[in-house]
Amino acid sequence: MAVPQIYVSFPGTAREALGFYASIFGGELSLHTYEEFGRKDGPAGAIAHGVLSGVVSLAGSDAAAGEKTVQFEGVMLSLLGAAGSTVLHQWFDKLSAGGSVVDPLAPKPWGASDGQVIDRHGLHWLIGYEPET
């Protein structure tokens with residue numbers, strides 16, 4: 001079954017950003033430049049299309065001149081229950097590096113643990129899990 005995949009327009013940082021996510025989540029990263037795609041609307045080495053495929057999948061590119069870039073308002077990427085608690089804490093900590101913690105990943109009054117972080121590339125993440133038995 002096909003599912004929606006987030007596609008982010010980065011402000012010239014697609015290679016760094018997608019590499020950052022690959023270093024956190026693992027998976028296979030495929031990057032293609034403007035030059036490879038025959039595009040003339042940006043630098044030859046800019047990323048025209050990149051895909052991270054794995055447990056967490058993301059896609060994106062460097063925005064061409066005049067195109068809008070990533071701005072998250074009222075949207076979070078949810079990783080609720082996407083892995084075990086140890087892995088989720090590791091992801092949270094790595095996403096926090098150079099970003100900002102909105103709400104620490106910790107137990108909440110309703111029994112689950114969750115937290116929010118905006119990473120250094122501007123993506124807002126909701127990470128959490130139910131108590132392990």
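Let's start at one pairing in this predicted model: strand E8, residues 124-129, lies alongside strand E5, and the two run in the parallel sense, joined over four bridges. A handy landmark here is Leu79, whose bridge partner in E8 is Ile127.

**The sheet around E5 and E8**

Zooming out, E5 and E8 belong to an open sheet of four strands, ordered E5-E8-E7-E6, with mixed pairing. Its edges are formed by E5 (77-80) and E6 (100-107), each of which pairs on one side only. From one strand to the next, the twist averages 15°. Helix H2, residues 85-96, packs on this sheet and touches E5, E6, E7 (113-118) and E8. The direction of H2 makes about 160° with that of E8.

What holds such strands side by side? Strands of a sheet pair through backbone hydrogen bonds, in either a parallel or an antiparallel arrangement.

At the other end of the strand order, E6 and E7 pair in the antiparallel sense over five bridges. Here Val101 has Val117 in E7 as its bridge partner. E6 and E7 make a hairpin, with five residues between them. If you look at the turn, you will find Gly111 with a positive phi of about 105°.

**Charged side chains**

How many salt bridges does the structure hold? There are two, and here they are side by side.

| Salt bridge | N to O distance | Relative accessibility of each residue |
| Arg39 and Asp41 | 2.8 Å | Arg39 24%, Asp41 38% |
| Lys108 and Asp103 | 3.3 Å | Lys108 14%, Asp103 24% |

Is Lys108 buried or exposed? Lys108 counts as buried because its relative accessibility is 14%, and the cut-off for buried is under 20%. Its partner in the salt bridge, Asp103, is partly exposed, with a relative accessible area of 24%. In the other salt bridge, which joins Asp41 and Arg39, Asp41 is partly exposed at 38% and Arg39 is partly exposed at 24%.

Now for Asp114, which sits in strand E7. Asp114 is buried, yet it has no salt bridge. Which side chain of opposite charge is nearest to Asp114? That is Lys108, 4.1 Å away. Lys108 does form a salt bridge with Asp103, and both Lys108 and Asp103 are in contact with Asp114. Beyond its neighbours within four places in sequence, Asp114 also touches other residues, including Leu80, Pro104, Leu105 and Ala106. Leu126, Ile127 and Gly128 are among its contacts too.

**The protein as a whole**

Stepping back, the protein has two helices and eight strands. Along the sequence they follow the pattern β-α-β-β-β-β-α-β-β-β. The C-alpha atoms fill a box of roughly 55 × 25 × 25 Å along the principal axes.

Of the 133 residues, 39% are buried. The protein exposes about 7,400 Å², with carbon and sulfur atoms supplying 54% of that area. Among contacts between residues at least 6 apart in sequence, 51% join residues at least 24 apart.

How values were computed:
Residues are numbered from 1 along each chain as its sequence is written. This is a predicted model: local features need pLDDT of at least 70, side-chain atom pairs count only at pLDDT 80 or more; totals for chains, interfaces and linings use all residues. Side-chain values use heavy atoms; hydrogens and water are left out. Two strands pair if DSSP finds at least two bridges between them. Axes are lines fitted to C-alpha atoms, for helices over the stretch in contact, and angles run from 0 to 180 degrees between N-to-C directions. Contact means heavy atoms within 4.5 Å. Buried means under 20% relative accessible area, exposed over 50%, partly exposed in between (1.4 Å probe, protein chains only). Lys and Arg count as positive and Asp and Glu as negative; His and the chain ends are not counted. A salt bridge is a side-chain nitrogen of Lys or Arg within 4 Å of a carboxyl oxygen of Asp or Glu. Accessible areas come from the Shrake-Rupley method with a 1.4 Å probe; for residues, only the protein chains shown count as cover.
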